[in-house]
Amino acid sequence: MRDLFDGEAEPPVVTMAAGAVLLRGFARPYEAELLAALRDVLAISPFRHMTTPGGHVMSVAMTNCGAAGWLTDRSGYRYDGIDPKTASPWPAMPDCFAALARAAAEAAGHGGFQPDACLINRYIPGARLSLHQDRNERDVAHPIISVSLGLPATFLFGGARRYDRPRRFALEHCDIAAWGGPSRLHFHGVAELKDGEHDMLGRQRINLTFRKAL
DNA sequence: TAGTCTCA
DNA sequence: CACG
C-alpha cells in the first residue's frame, strides 16, 4: 500500500501549529482570475508605503479591498472603510478573492468564513515584515487566510508570546497559510525577501491576507 | 499598551 | 558570507 505523497513529494497540507496549516498550491486553480482581479483593485487603490506609529516607513507596500481596510499611520493601527490616499471607499472585494478565502478556510477546518477585509502586501527583494500579531479585528474567533503570489518567501510562525522562537516555512506561488482557533493570535512575520524573478509576477511577491475585521 | 520598526 |  503506497499513498500518493510518499517518497520525495511533499504533502499538500503541512501543520504549522494547532489550528494553523499550510495548503500547498491551493490557489492554483484561481491563479488567472486572481491576477486579473488584482489589476482592477490596484487601478482604484494603488500600493503605498505606510508609516508605523513609531514613525518608520514600512518596506512592504500595501493596499486593501473589501468593506474594511487595514491601515497604519502615526496615530496607530486600525481598520477603516475609506482609503486615505483616494478619500474613497476601498475597492470591493472581487468574488474570486472571497471564494478562494472561503474554500481555503473550509479546507483548513474553519468553516463558514466570510471575509470583509483583504490586505494586499507587495514585497520587493529586501522587504520584510517583522514578527507581529493580527489583533485589530473585532472578533478573533475568525481565522486569518494568507495567499502567496509571485516570488518565494520564508514565513515565520511563532507562538502566543513574542519570545517564542518562530518556525520557518517556505511559501511559494499559490500556497496558502491559514490559522485560527488556538493559534489565531500567534506571532508571525516574513523574512527579508530574497532576489529572484517570477514567471508571472517578476521581481516581487504579493500577499493577500483575508480577515473578518468587522 | 505598544504596536507589523531598526540595529547590534 | 548568511543566518538567527
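I count two strands as paired if DSSP finds at least two bridges between them. Strands here are DSSP runs (E, at least two residues), and helices are runs of H or I with at least four, numbered from the N terminus.

I am working with a predicted model, where local features need pLDDT of at least 70, side-chain atom pairs count only at pLDDT 80 or more, and totals for chains, interfaces and linings use all residues. Residues are numbered from 1 along each chain as its sequence is written, chains are lettered from A and ligands numbered from 1 in the order written, and side-chain values use heavy atoms, without hydrogens and water.

**Strand β13.** I started with the pairing. Leu23 stands opposite Ile176 in β13, and four bridges join β2 (residues 20-23) to β13 in antiparallel fashion. I then looked at β10 (residues 144-150), which also pairs with β13 in the antiparallel sense, over four bridges. There, Ile145 has Ala178 as its bridge partner.

Are the faces of β13 covered or open? I found both covered: Ile176 and Ala178 on one side, and Ala177 and Trp179 on the other, are all buried (under 20% relative accessible area; exposed is over 50%, partly exposed in between; 1.4 Å probe, protein chains only). A handy reminder: in a regular strand the side chains alternate between the two faces of the sheet.

**DNA strand B.** I got 14 around DNA strand B, and the closest are Met58, Trp70, Tyr77, Ser130 and His132. β9 (129-132) and β5 (76-80) each supply at least two residues of this surface, with β9 giving the most, three.

I also checked which parts of the DNA the side-chain N or O atoms approach:
- Ser130 is 2.9 Å from a sugar or linking oxygen of DNA strand B.
- His132 is 2.6 Å from a base oxygen of DNA strand B.
- Arg162 is 3.0 Å from a phosphate oxygen of DNA strand B.

Of the DNA strand B atoms within 4 Å of the protein, 50% belong to sugar or phosphate and the rest to bases.

**Asp164.** Last, I visited the loop between β11 (153-157) and β12 (167-171), where Asp164 is found. Asp164 counts as buried because its relative accessibility is 18%. Its side chain and that of Arg161 are joined by a polar contact of 2.7 Å (a pair of N or O atoms within 3.5 Å; within protein, one must be able to donate a hydrogen and the other to accept it, and residues adjacent in sequence count only if both atoms are side-chain atoms).

How values were computed
A residue is near a molecule or strand if one of its heavy atoms lies within 4 Å of it.
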